[in-house]
Amino acid sequence: MAESHSVHLAYQTLALVSKALSRLEAGDIAIAKFGETVDILHGFNEGPFTDQSGTKVMSAFRFNQKATNLLSLVETSLKVLENARERHSMSSATAGDLWQLQFIISDGMCQDHERLRTVLRKAEEQRVMIVFLIIDSLHSTVDNALGGKGTQSGSHQAEEISGFFSI
């Protein structure tokens with residue numbers, strides 16, 4: 001993500017999604033970082049996701065890993081989500097019927113699409129819905145978004161995005 005100059009937008013997206021989920025009281029929140037490896041930065045068992053835990057999480061991101069192993073992220077997160085479901089099933093008879101939601105914020109780089117499709121089917125079987133949010137550079141062309149018409153400078157586009165994210 002560092003190569004695509006999308007780090008700041010990734011931080012904004014993480015803040016927006018986590019704050020929205022907290023406000024909606026969607027349940028427990030866990031956050032991981034991934035690249036070559038997967039590291040859980042805030043686990044489900046660490047209590048509510050607060051501004052203080054958000055600061056801790058944000059400071060753990062480096063965006064300096066050389067590869068993006070999306071397959072490893074999904075496999076690891078499915079195990080973490082399964083463990084969380086099992087913990088909740090001890091206290092609730094309906095926990096097995098609930099769906100879990102996973103947001104992946106990434107630059108969209110991934111390999112091994114066939115194995116990834118298999119793991120995504122497994123996620124659906126385990127009642128895990130995965131939302132893949134692709135972050136693109138503020139300094140790149142926006143031809144696709146504009147239907148093939150021109151580019152925008154980074155500063156003008158950044159103003160539009162920050163206005164869009166204001167809640």
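Start by selecting helix α2, residues 51-60: Ser53, Gly54 and Val57 are its buried residues. These three span an arc of only 105° around the axis, so they lie on the same side of α2. The model on screen is a predicted one.

Now turn to the other side of α2. Here Asp51, Gln52 and Thr55 are exposed. To see what lies over the buried residues of α2, show α1 (7-23), β1 and β2, which are included in the cover.

**Lys56 and Glu46**

Stay on α2 and select Lys56 together with Glu46. The two form a salt bridge, and their closest N and O atoms are 3.4 Å apart. This pair connects distant parts of the chain, 10 residues apart: Lys56 belongs to helix α2, while Glu46 sits in the loop between β2 and α2. Lys56 counts as partly exposed because its relative accessibility is 46%. Glu46 is also listed as partly exposed, at a relative accessible area of 40%.

**Helix α3**

Next, select α3, residues 70-89. This helix has 20 residues, and the distance from its first C-alpha to its last is 28 Å, close to the 28 Å expected at 1.5 Å a residue. Which residues of α3 are buried? Colour Leu70, Leu71, Leu73, Val74, Ser77, Leu78, Leu81, Ala84 and Arg85. Their arc around the axis is only 145°, which means that they fall on the same side of α3.

What covers the buried residues of α3? Show β1 (31-34), β2 (38-42), β3, α4 (113-125) and β4 (128-134), which are included in that cover.

**From α3 to α4**

Keep α3 and α4 displayed and select Arg115 and Glu75. A salt bridge joins them, with the closest N and O atoms 3.9 Å apart. Again distant parts of the chain are linked: Arg115 is in helix α4 and Glu75 is in helix α3, 40 residues apart. Arg115 has 47% relative accessibility and so counts as partly exposed. Glu75, with a relative accessible area of 32%, is partly exposed.

Within α4, select Glu114 and Arg117. Their side chains meet in a salt bridge, at 2.7 Å from N to O. Glu114 and Arg117 are about one helical turn apart, because they are separated by 3 residues in helix α4. Is Glu114 buried or exposed? Glu114 counts as exposed, at 54% relative accessibility. Arg117 is partly exposed, with 42% relative accessible area.

Salt bridges with shared partners join Glu75, Asp112 and Arg115 into one network. A search of the whole structure gives 4 salt bridges.

For the last stop, go to the loop between α3 and β3 (100-106), where Trp99 is found. Trp99 is partly exposed, with 47% relative accessible area.

Technical notes
Residues are numbered from 1 along each chain as its sequence is written. This is a predicted model: local features need pLDDT of at least 70, side-chain atom pairs count only at pLDDT 80 or more; totals for chains, interfaces and linings use all residues. Side-chain values use heavy atoms; hydrogens and water are left out. Helices (H or I, at least four residues) and strands (E, at least two) are DSSP runs, numbered from the N terminus. Buried means under 20% relative accessible area, exposed over 50%, partly exposed in between (1.4 Å probe, protein chains only). The expected span of a helix is 1.5 Å times one less than its number of residues. The arc is that of the directions from the helix axis to the C-beta atoms. Contact means heavy atoms within 4.5 Å.
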